[in-house]
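Welcome! Here is a short tour of a structure that may be new to you. Take a moment to look it over before reading on.

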Amino acid sequence: MKRVSTRSIGFVVLLLAVPSFSQKAVKDLKFHHLQEYCWMRLAGVVPEVTDRIILPIGTVESHGACAIGTDNFIPAHLAEQIWERCNALIAPAINHGVTGASISQFPGSITVRPEVFEEYLYDVLKDLVRTGFRNVLIINGHGGNTDPAKKAITRLHQETGAHFMIVDWWTVAFNIVNEVYGAKAQQSGHGDMEEAALVMAFDPALVDREMYERLGKDNVGSARTETGVVLMPAWATTAYPEKGAGYLDFDVVKAKAYTAKKADYIAQTFLEAVKRWEMMEGWKK
Ligand SMILES: [Zn+2]
C-alpha cells in the first residue's frame, strides 16, 4: 500500500481551507477605484471578484453657503461609504452635469445640455459594461441629471441586458430627516439643511458659515416660489422645502448620522436589486 505522506494531506487540507479566487471580495484587493488598476490586473478582478460598479454623477452649481461642488462631493462620499458593503468598485465620477438655467447664471455654475449629458453618460456606461460590469449603481447628486440618465440606462439595458440603478439621494428615504433632526419629513430642497448635512459629513469646511450668517439665512436662500411663479434667474441659489423650514444646522455629529442612514438605505436597495436581478437571470437559463 502506498503511504500517503502527511505533507500531501496537509497540502490538500490547505487547498480546501483557502477560498478560491472567486470568493475574494473587493475589500481584499489593493484598490477599490477602477482607475487605480493597470488593465491586466483589472481584467483579473472583473468579473471574477465583482461585476458591480458605482458611478457617482453630479454637477457644478451654486448652492448658497454650500460649496459649488456640493452635487459632486455628496455622491462621491456616499460611494466611499458603501462600496465595501456592495462589493463594488468605484468608477471615475462625472462631475459636469445638467445645471438648471435659472441657477447657471450665478458665479461658478457650469451646465451641460441634457442631450449632450445623455450621450456622454451612455458612452461611459457602455464601456463599463464592455469591461464586464453587469450591475451598475449610479449615485446622482443633481436633479437635472435624472431624466437624461434614465434615457441612457434604458437604451443600454435594452441593448446589452446589463442592470442599472439610479438613486437620487435627496428623494429616497426622506423620512430620515425626522429621525435625526426632528424636522418634518419631506423632500429635500436645494442647498438646505439636508444637502448641507451631506456636505458637512464629508468636510465641514465646505459649508461657509460666515457667509451664511453675513447674508442672513433668508437671503442665502428662501422657500420655493409658489406653483405658477417662474423666475429667470432664480431669486436665490437655494430652495428650502417650505417657508421657515430647511435652515442650516451646523451640528456635524447629526450630519454624519443623517448621511450614514442615507448611505445605508442606498446600499440596501442596491443589494436587494442585485439579488432580484440575479434571480431573474437564473430563471432565464
Ligand atoms: Zn445640489
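Along the sequence, the residues that donate to the zinc ion follow the spacing H-x7-D-x123-E. In this predicted model, those protein donors are His63 (NE2), Asp71 (OD) and Glu195 (OE), lying 2.0 Å from the zinc ion.

**Zinc site**

**Largest pocket**
- The volume of the largest pocket is about 620 Å³.
- Its lining is made up of 29 residues, and those nearest the centre are Ser102, Ile103, His190, Arg224 and Ala239.
- Sorted by class, the lining of the largest pocket holds 14 polar, eleven nonpolar and four charged residues.

**Second largest pocket**
- For the second largest pocket, the volume is about 210 Å³.
- This pocket is lined by 14 residues, with Leu34, Val124, Asp127, Leu128 and Thr131 closest to its centre.
- Two elements each give two or more residues to this lining: helix H2 (39–45) and helix H4 (114–131).
- Helix H4 contributes the most to the lining of the second largest pocket, giving five residues.
- By class, the lining of the second largest pocket has eleven nonpolar residues, two charged ones and one polar one.

Terms used. Residues numbered from 1 in each chain as written. Predicted model: local features only at pLDDT ≥ 70, side-chain atom pairs only at ≥ 80, totals over all residues. Heavy atoms only, no water. 1 Å grid on protein atoms, 1.4 Å probe; cavity = no way out; pocket = protein on both sides within 12 Å on 5 of 7 lines; lining within 4 Å. Points joined across faces, edges and corners; volume = space filled by probe spheres on them. Nonpolar A, V, L, I, M, F, W, Y, C, P; charged D, E, K, R; others polar. Helix = DSSP H or I, 4+ residues; strand = E, 2+ residues; numbered from the N terminus. Donors = N, O, S within 2.8 Å, 3.2 Å for Na, K, Ca; no water.
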